[in-house]
Amino acid sequence: MAEWRTEGCGTRREPERVEAVTGAMLVTPADLATVLARVESAGRVRFPESFAGLEVDQAAVRGIVYRVPSADFDAFLRAEGAEVCLEVRDARHDLRTLLTLQERVVADLGHWRAAGIEIGVVGCRHDGTGVEVGTRQVAQAEDQLPRRYGAEVPIFVRDEAPPRPLIGQ
């Protein structure tokens, strides 16, 4: 199914801002934030086979929902988005699938360390495209992670140093 928008997208809304030390900052309007919270909660609990993630476009005053197409979840999104703008986009994988792979990688951190791959970050992409892994050993990880976990869910490896703990905290 192609990208679609809820009825609430038919109303033009001005972006909201708050004053900060560095100048005005865009913020998510309360009504949109409330709807997105309900969408995320329902997506995780009622529609886990469909929900992949969310994004907020504060400049356009809209929420972007990524999901594996589902008639029931789409009906829910249409109802929730009647008064706000939700743009609905297809996702390749649902969040539950991505979290399962993320948890497997995290459980194997000792294995990867022993193999010479120091993984500092593991996370699901909010658009349902796959799981991201941060390491300095990019070429090794790109070669070895798919061998261990398969290629069904893509693993995107980026060059990233492990986090350094703050001293004296």
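Trainee: Where is Arg92 placed in this predicted model?

Mentor: Arg92 sits in the loop that connects strand 6 (86-90) with helix 3 (95-107); the model is a predicted one.

Trainee: Why is Arg92 called exposed?

Mentor: Exposed means over 50% relative accessible area. Arg92 has 55% relative accessibility, and therefore counts as exposed.

Trainee: Which residues are in contact with Arg92, leaving aside its neighbours within four places in sequence?

Mentor: They are Val68, Gly128, Glu152 and Pro154; contact requires heavy atoms within 4.5 Å.

Trainee: What makes strand 8 and strand 9 a pair?

Mentor: Pairing needs at least two bridges, as found by DSSP. Strand 8 (residues 131-135) and strand 9 (residues 155-159) are joined by 5 bridges, so they pair, and they run parallel.

Trainee: Which residues have the most contacts inside the largest nonpolar core?

Mentor: That core has 16 residues, and those with the most contacts inside it are Val39, Val65, Phe73, Phe76, Leu77 and Leu86. Helix 1 (30-45), helix 2 (71-80) and strand 6 each contribute at least two residues, and helix 1 provides the largest share, 5 residues.

Trainee: Which residues does the second core include?

Mentor: Among the 15 residues of this separate core are Ile117, Val133, Tyr149 and Val157.

Technical notes: Residues numbered from 1 in each chain as written. Predicted model: local features only at pLDDT ≥ 70, side-chain atom pairs only at ≥ 80, totals over all residues. Heavy atoms only, no water. Helix = DSSP H or I, 4+ residues; strand = E, 2+ residues; numbered from the N terminus. Buried < 20%, exposed > 50% of the residue type's maximum accessible area, 1.4 Å probe, protein only. Core = buried A, V, L, I, M, F, W, Y, C linked by side-chain atoms within 4.5 Å.
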